[in-house]
Amino acid sequence: MRHYYNPSNYRQYKPKRGWRQRFFDLFKGGAKRRVIQYSLPPVARVYVNPWKKVKGNWRAKLTAWLLSAVVVAWLGMMIYLPYFRINIVSFEGLKIIKQEEINQHVWDNYLTGSKLMPANNYFLVSAGKIKNGLLKQYSLNGVEVKKVFPGQLSINIEEKISSIIYDNGQSYYLLDKEGNVVKYLSQVGVSEYKPAALTEITSTATSTATSTKVFLVSASATSTPLEHIPDFKRIKKDYGAFPLVFDLREPRLNDKQTDVLPAGLINSAIDWYGALEKRGIAGVKYFTLDQPSAGLTVYTNLPWRLYVNPSGDLENQIANLKIILRDNNPREYIDLRYGERVFWK
């Protein structure tokens, strides 16, 4: 009797396999085919169990081992070669925070300390981890960390200003946003007091020779009053780019004094300091304050100074300032304290 082979005969006897076995079967190639011994007559043909496990070829195993060794060696070279280690960390945007301080913080916490694998490897360093760590450690508005192949880390920082430096004519103090003394900084230098006549005439002098001559004559007069000009360059270099406010009333302070200035006035000085520089209008040297109700005077690195209203809308005042600068060329001052009525000279 001739045997009739039905392809579905083997399916009903196929052993059950779990999902794990079926998953790993995906990496073993297709299902094994039936092996037929054609050397025998058709009647004596033997059909081999298609589900029988067949031992693999030793050449295939050797190839797999060699391939694995190559991959491991390649990964080891990527991790341990000095070429892929970060050796340079650059910073941008630092004004208050000392670069030496933040650089040391990054190296100590993120680029050293690992024994098994180099912590400063380009592929292992996490830019997101460094960003989150800096935001927690320092007072920042934002930070951007980029890895530059093959061995550099670039960090762009936007600092958050939450304090001002207060000058009462005798000393410099650091004030918080509430107007409280945080700490004493330094005394006002003798060189920061100049003859008032020199200051007044120098602003209108047309040559360096003329102003120098006036200085010699004024300095020789014993009755000439002295005027305090804050040394904003030294203060910025020694303590950071905080807004510097000189109080013309020159009140006496102590190291634990509170409510030195209204919080609204301090916040206004911080906002104006950031707005003028960030928008590229002018650089701020320092502010002066006579009476809080009279507003702030902003001394800039341009020929003109600004009179601003701390309680007024900053954006409206900035818009009016841009209009004046677009159509005019002020040489002395711009007064923005009276709403839409702007005065300049």
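Is lysine 237 buried or exposed? In this predicted model, where local features need pLDDT of at least 70, side-chain atom pairs count only at pLDDT 80 or more, and totals for chains, interfaces and linings use all residues, lysine 237 turns out to be exposed, with a relative accessible area of 67%. Here buried means under 20% relative accessible area, exposed over 50%, and partly exposed in between (1.4 Å probe, protein chains only). Residues are numbered from 1 along each chain as its sequence is written, and side-chain values use heavy atoms, with hydrogens and water left out.

As for the overall picture, the protein has 9 helices and 14 strands; these are DSSP runs numbered from the N terminus (helices H or I, at least four residues; strands E, at least two). Buried residues account for 33% of the 345 residues. The accessible surface comes to about 23,000 Å², and 55% of it belongs to carbon and sulfur atoms, as given by the Shrake-Rupley method with a 1.4 Å probe, where for residues only the protein chains shown count as cover. Among contacts (heavy atoms within 4.5 Å) between residues at least 6 apart in sequence, 55% join residues at least 24 apart.

Back to lysine 237, which sits in helix H7 (residues 232–239). Aspartate 238 is partly exposed at 36% relative accessible area, as are aspartate 231 at 26% and arginine 234 at 25%.

The structure holds 11 salt bridges. One of them joins the side chains of aspartate 335 and arginine 337 at 2.8 Å, N to O. Aspartate 335 is buried at 7%, whereas arginine 337 counts as partly exposed at 23%. Through shared partners, salt bridges also link Glu192, Asp231, Arg234 and Asp238 into one network.

Then there are the rings. Phe, Tyr and Trp rings (the six-membered one for Trp) pair if their centres lie within 6.5 Å; planes under 30 degrees apart count as stacked, over 60 as edge-to-face and the rest as tilted. The count comes to 10 aromatic pairs. Tyrosine 286 and tyrosine 299 are stacked because their ring centres are 4.9 Å apart and their planes at 20°. Tyrosine 286 belongs to strand E10 (residues 284–289) and tyrosine 299 to strand E11 (residues 296–300), so the pair ties together parts 13 residues apart in sequence. Tyrosine 286 is buried at 8%, while tyrosine 299 is partly exposed at 28%. Tyrosine 338 and phenylalanine 343 pair edge-to-face, with 6.1 Å between centres and 80° between planes.

Ring pairs also link Tyr83, Phe84, Tyr122, Phe123 and Phe149 into a cluster. Tyrosine 83 lies in the loop between helix H2 (58–80) and strand E1 (88–92) and is exposed at 53%. Lysine 147 lies over the face of tyrosine 122, 5.0 Å from the ring centre; the rule asks for NZ of Lys or CZ of Arg within 6 Å of the ring centre and within 35 degrees of the ring normal.

Definitions and conventions: A salt bridge is a side-chain nitrogen of Lys or Arg within 4 Å of a carboxyl oxygen of Asp or Glu.
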